[in-house]
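Colleague: Please show me the model, and then take me through its side-chain contacts.

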Amino acid sequence: MSTVFDCRDDAQILAGMRHARQAIARGELVVLPTDTVYGIAADAFSPAAVQRLLDAKGRGREMPPPVLVAGQEMMAALVEAVPDAVQKLIDEFWPGGLTIVLPAQPSLTWDLGETRGTVAVRMPDRRVALELLAETGPLAVSSANLTGRSAAIIASDAEEMLGDSVAVYLEEGYSENGIPSTIVDATSLVGASADETPTVRILRDGAVTREQLEAVLGDLLEPAADGESPVDEE
């Protein structure tokens, strides 16, 4: 049976964080608040836990979850390299609503789904999420909803959809903006040859606008195309 903890209540937050850590360690799922929408989280290094996350959402392995980190040092351990342009994005938009896709560190032994050797990484801007990440390490996190339904912006919405498939719900009121993160693909910046022109491509519009990205990246940002996705899932 699921347990709900109101992290706005000092009497509940310590117990909630302890139960969440224990659930993650057991390979179970936790719903937690982020600055964009509520997320459903699993140990990124437990294939069984990640599969449990996908099953809870009704989602296939062809849609691997992003990974949340507590900071740049944690991110650096997950990716092959952090190009200068990506560092500029991190300096400008982290913590916050920007997810960055990069080639994954080849030495990692994990299974997030059909990632094609990449990982989508974000540092959220919410105290509860950052404190949990600092203790658990990287978490595979997707929006806390059933696939095809709107992302939850409060824990009770997530509980209504996900029920007992989640062990612990951490409640912290409504999400600050309710807009999922923007996702950019920066994989071409890693290992590009001298005759290539690498670009950063927007995979999904979200909390960080194209104009904000362009102000940082300039000509490195690929021009707008019909393939950009509307806001949907984390």
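Modeller: A term to start with: a residue is buried under 20% relative accessible area, exposed over 50% and partly exposed in between, with a 1.4 Å probe and protein chains only. This is a predicted model, in which local features need pLDDT of at least 70, side-chain atom pairs count only at pLDDT 80 or more, and totals for chains, interfaces and linings use all residues. Residues are numbered from 1 along each chain as its sequence is written, and side-chain values use heavy atoms, with hydrogens and water left out.

Colleague: Which residue meets the side chain of arginine 61 in a salt bridge?

Modeller: A salt bridge here is a side-chain nitrogen of Lys or Arg within 4 Å of a carboxyl oxygen of Asp or Glu. Arginine 61 lies in the loop between H2 and strand S4 (67-68) and its partner in the loop between S5 and S6, so the pair ties together parts 50 residues apart in sequence. The N to O distance is 3.2 Å, and the partner is aspartate 111.

Colleague: How many residues apart are glutamate 135 and arginine 21?

Modeller: Their side chains meet in a salt bridge at 2.7 Å, N to O. Glutamate 135 has 49% relative accessibility and therefore counts as partly exposed. Helices (H or I, at least four residues) and strands (E, at least two) are DSSP runs, numbered from the N terminus. Glutamate 135 is in helix H5 (residues 127-136) and arginine 21 in helix H1 (residues 10-25), and the separation is 114 residues.

Colleague: How many salt bridges does a search of the whole structure find?

Modeller: Another of them joins the side chains of arginine 149 and glutamate 160 at 3.1 Å, N to O. Glutamate 160 is exposed, at 53% relative accessible area. The search of the whole structure gives 9.

Colleague: Are the rings of phenylalanine 45 and tryptophan 110 stacked, edge-to-face or tilted?

Modeller: Rings of Phe, Tyr and Trp (its six-membered ring) pair if their centres lie within 6.5 Å; planes under 30 degrees apart count as stacked, over 60 as edge-to-face and the rest as tilted. The structure holds 1 aromatic pair. Its ring centres, in phenylalanine 45 and tryptophan 110, are 5.2 Å apart with planes at 25 degrees, so the pair is stacked.
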